[in-house]
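Subject: Structure handover

Hi,

Here is the structure for you to take over. My notes follow below it.

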Amino acid sequence: MGDAVSRDSYTPKERTKYRQALLDDLEIFDQHLQEAEFVDHGTIGLELELNLVDDDMAPAGCNEAVLAELSGEYQAEVGRYNVELNHPPLDLSGDGLTVLHEGLDERLRAVDTAAKKAGANLAMIGTLPTVTTDYLQSDEWMTQENRYSALSNMVVETRGELVQIDVARQERYRATFDDIATESTCTSMQLHLQVAPDRFPEAWNASQAIAGPQVALSANSPLFMGHRTWHESRIPVFKQSIDTRTDTLVNQGVRPRVWFGERWITSVFDLFEENVRYFSPLIPESRTDAGKPMMDGNSPGLHYLNLHNGTVWRWNRPIYDPSLQLSHIRVENRLLAAGPTTIDIIADAAFYYGLVKFLSEQTRPVWSRLTFENARDNFYAGAREGIGATMTWPTLGRIDVSNLVLNHLLDQAHEGLRSLDVDEELADKYLKVIEGRAWHRQNGATWQLDMLDKIGAGTKPGTPERQVALAKVLRIYLENQRKGAPVHTWSTEVA
């Protein structure tokens with residue numbers, strides 16, 4: 001959904017033509033995979049979604065003004081209080097982690113400067129705790145672009161009912177919306193890993209296998225609409241926000257568009273084929289209307305397949321990217337929340353890339369000994385319980401996620417980074433942040449919950465008192481964010 005579209009609604013005739021074009025693209029993709037040469041040197045990249053808040057810590061719907069001060073690597077998101085930055089691809093070897101860290105800091109400073117000029121502040125957090133139901137049920141929340149109104153219209157039209165949000169842990173939040181407003185609360189970081197097509201299955205399977213430990217370790221979204229919910233509430237909220245299924249279809253076993261998947265794969269084609277087989281097109285925009293060429297240099301553009309792929313939200317999404325020279329394939333790891341600091345983000349990246357490298361090259365890979373159902377259950381346990389979750393792991397049985405990381409996965413991530421020729425001191429620097437987080441059992445989610453327990457003790461969701469407490473928690477969070485120390489070192493004492 002990164003491309004602009006020409007309108008916000010479509011006819012049955014357009015949908016029918018799109019379906020046939022989509023099937024044609026799938027056949028072209030299959031042939032291209034078998035015959036073409038692809039980029040085969042691994043590079044990494046990063047996308048980061050951000051929030052804008054006013055001086056009262058409420059969402060500030062000024063992304064148009066902010067983006068007017070920026071160019072190239074920045075774009076709008078569905079919420080008017082969101083912007084996204086994109087870090088260009090780079091080589092991870094040597095000092096690649098430093099380059100990524102410095103590049104991210106530079107781009108965040110640019111967004112922060114633009115935000116201040118627009119009268120707003122930058123907030124890098126998985127879910128902005130001060131967003132309210134009233135704000136999302138108003139006309140103020142959505143960025144006014146066709147691609148977003150089209151997406152919202154088509155989700156609701158396909159569903160045929162209002163969007164229902166129901167998420168609970170310590171407290172329960174329930175509400176209905178007439179659009180996809182709650183999707184805007186789910187701000188994430190997305191790690192890109194480019195691999196040769198014949199290496200993609202191993203990279204994707206490894207990414208799926210570690211999704212549970214990843215999301216548990218890095219949870220940063222425990223306060224949805226000011227309610228104490230899942231430690232990574234983005235996971236259920238995003239799924240429900242764009243769910244085109246009614247309860248009846250859920251009961252029939254129809255697959256959700258926000259999807260963990262259901263099996264290990266043997267080819268990248270498996271995922272694109274599943275997308276076409278199981279999911280009807282949401283945005284049937286023709287190639288001509290989109291202004292897309294048939295070919296991008298020597299590579300097929302595959303407009304229909306790529307646009308459709310952008311409307312099936314896998315937590316590890318396959319990406320086909322045509323190029324004037326050679327096409328490339330990448331894994332887009334989408335399950336982590338934004339923040340809390342840049343050093344935390346780079347540490348998460350180092351952990352992910354190192355672990356995927358190690359696991360994808362094992363003679364007896366983890367996914368041959370871990371059922372897909374266990375991997376999926378680990379993922380949802382990590383999202384719900386965060387760094388206190390218990391998971392299933394081959395040869396270890398049921399294990400606390402902090403112990404799994406400290407006693408097993410960290411060493412594997414170190415070995416993977418060594419295989420990627422990452423500078424040893426840099427690998428140690430960033431993986432020590434992961435070690436500290438697991439050892440102290442403090443991540444963004446636990447810190448936010450602890451602070452709310454102290455600042456807002458006794459307050460109830462939806463009350464003015466809770467809203468004041470949430471603003472205080474967010475203000476202290478942003479002060480810590482600006483200082484830049486990793487989240488496991490943040491104090492939970494209230495001055």
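R234 is buried, with a relative accessible area of 2%. Its salt-bridge partner is E232, at 3.1 Å from N to O. E232 is buried too, at 1% relative accessible area. Bear in mind that this is a predicted model.

More on salt bridges. The whole structure holds 29 of them. R245 pairs with D243, and their closest N and O atoms are 2.9 Å apart. Both R245 and D243 are buried. Shared partners also link E171, R228, D453 and R466 into one salt-bridge network.

E385 and R169 form another salt bridge, at 3.0 Å from N to O. E385 sits in helix α14 (residues 372-385) and R169 in the loop between β5 (163-168) and β6 (172-177), so this pair ties together parts that are 216 residues apart in sequence. E385 is partly exposed, at 28% relative accessible area. R169 is partly exposed as well, at 29%.

Now the surface. D95, E102, D423, E425 and D428 make up a negative patch. E102 belongs to helix α3 (residues 96-117). With 53% relative accessibility, E102 counts as exposed.

Next, a hairpin. Strands β16 (residues 390-393) and β17 (residues 397-400) pair antiparallel over four bridges. T392 faces R398 in β17. Three residues lie between the strands, and T395 has a positive phi near 70°.

Last, V468 in helix α18 (residues 464-483). V468 is partly exposed, at 48% relative accessible area. Its C-alpha atom is 8.2 Å from that of G456, 12 residues away along the chain.

Best wishes

Definitions and conventions: Residues numbered from 1 in each chain as written. Predicted model: local features only at pLDDT ≥ 70, side-chain atom pairs only at ≥ 80, totals over all residues. Heavy atoms only, no water. Patch = residues over 30% accessible without salt bridge, like charges linked within 9 Å, V, L, I, M, F, W, Y side chains within 5 Å. Areas by Shrake-Rupley, 256 points an atom, 1.4 Å probe, with all protein chains shown as cover. Salt bridge = Lys/Arg side-chain N within 4 Å of Asp/Glu carboxyl O. Lys, Arg positive; Asp, Glu negative; His and termini not counted. Charge placed at Lys NZ, Arg CZ, Asp CG, Glu CD. Helix = DSSP H or I, 4+ residues; strand = E, 2+ residues; numbered from the N terminus. Buried < 20%, exposed > 50% of the residue type's maximum accessible area, 1.4 Å probe, protein only. Pairing = 2+ DSSP bridges.
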